[in-house]
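Please look through the sequence and the structure below.

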Amino acid sequence: MWQCPLCNAPISLTTTPIKCHNGHSFDKAKAGYVNLLPVQFKKSKSPGDDKAMVRARREFHNLNAYKPLKDKMLRLISDAVKNRISDSPLHVYDAGCGEGSYLSALCEGLENEKVNVKGAGSDISKIAVELAAKAFKSHEFVVASSFELPVANNALDVMLQVFAPGSNDEYNRVLKTNGLLLTVNPAPEHLFELKAKVYDAPRKHTLDDTPRDGFELVQSETLTFPIPFKSEEHALALIKMTPFYWKLPPGRIDDMVKALKSVTADFHLQLWKKCGE
């Protein structure tokens, strides 16, 4: 499944050393992930989310406030693959996986439904990938750009893109024919109560129904549910997941935490199928 980011030759993450037949080698970190983002591909010294934001997301996911979203993602994929006839594992890949919570929830849910799953993910943030690899050891994680995935052509059955930028051309390249792409983006009401505390004239998100080249839209729907805060710590965990926390002064954050009693979660989920040649 994996390929060398320098020459596209096949590599395996389970061999020692990790090396392609052209001699390009890569080290596996103690946490279990492999860095497949060559230094010449980096646009900054430490690309992606920093340690504080990544840990905030893990803290929030541990509270399970986004469980309805994870359940909906599971249902969409489970229903789509229920008639699959294959002895090989269902290869599920999360591009822009962050600290791994969405990939883990989906794979665990499919395994509970007796689906043979092999999960993998990548993120440009080494800190995020390290956290994912430590927590979810049954999956393979690499540091890589979603715009240059170190994955062979036609290798994957399911691709996830959850609140992350990515390349439609890359998704088309790495998915098998009839492979599935599940995208999740904010819908109009998402965290609007929080935005109203930050901006004088907050703007709502707009739904993007733009067609994707090479893909057929299978399903498009929104999922909306309230997130009541059981404590100020709960509210703070959510705020720390957003850019607002890192841009506003501490006093302003304290006021927001005390004022917010609940927020609306609003998501736009789209399931795409890769068209045949």
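Proline 17 lies in the segment before β1 (18–19). Helices (H or I, at least four residues) and strands (E, at least two) are DSSP runs, numbered from the N terminus. This is a predicted model, in which local features need pLDDT of at least 70 and side-chain atom pairs count only at pLDDT 80 or more, while totals for chains, interfaces and linings use all residues. Residues are numbered from 1 along each chain as its sequence is written, and side-chain values use heavy atoms, with hydrogens and water left out.

The bond between threonine 16 and proline 17 is a cis peptide bond, with omega about -5°. Asparagine 8, also placed in the segment before β1, has a positive phi of about 70° although it is not a glycine. Most residues other than glycine have a negative phi, and most peptide bonds are trans. Another residue with a positive phi is asparagine 178, where the value is near 75°. Asparagine 178 sits in strand β8 (residues 175–186). With a relative accessible area of 47%, asparagine 178 is partly exposed (buried means under 20% relative accessible area, exposed over 50%, partly exposed in between, with a 1.4 Å probe and protein chains only).

Next come the helix pairs. Two packed helices are described by the angle between their axes and the distance between the axes. Axes are lines fitted to C-alpha atoms, for helices over the stretch in contact, and angles run from 0 to 180 degrees between N-to-C directions.

Helix α2 (residues 67–81) and helix α3 (residues 101–112) pack at about 50°, with their axes 9 Å apart. That angle makes α2 oblique to α3 (under 35 degrees counts as roughly parallel, over 145 as roughly antiparallel, 65 to 115 as roughly perpendicular and the rest as oblique). The crossing of α2 and α3 is right-handed, a term used if the near helix is turned clockwise from the far one by less than a right angle. On the α2 side, the contact (heavy atoms within 4.5 Å) is made by Leu69, Lys70, Met73, Leu74, Ile77 and Ser78, and on the α3 side by Ser101, Tyr102, Ala105, Leu106, Gly109 and Leu110. These residues divide into eight nonpolar, three polar and one charged. Ala, Val, Leu, Ile, Met, Phe, Trp, Tyr, Cys and Pro count as nonpolar, Asp, Glu, Lys and Arg as charged, and the others, Gly among them, as polar.

The axes of helix α7 (residues 232–240) and helix α9 (residues 250–259) come within 9 Å and cross at roughly 125°. α7 is therefore oblique to α9, and their crossing is right-handed. Glu232, Ala235, Leu236 and Ile239 of α7 meet Ile253, Met256, Val257 and Lys258 of α9. Six of the residues in this contact are nonpolar, none polar and two charged. Which residues of α7 are buried? They are His234, Ala235, Ala237, Leu238, Ile239 and Lys240. The buried residues of α7 pack against α1, α6 (192–198), β9 (215–228), α8 (244–247), α9 and β10 (262–274).

The last stop is a loop. Lysine 137 lies between α4 (126–135) and β6 (140–143). Is lysine 137 buried or exposed? Lysine 137 is exposed, because its relative accessible area is 66%. The side chain of lysine 137 reaches the backbone oxygen of lysine 134 at 3.5 Å.

Methods. A polar contact is a pair of N or O atoms within 3.5 Å; within protein, one must be able to donate a hydrogen and the other to accept it, and residues adjacent in sequence count only if both atoms are side-chain atoms.
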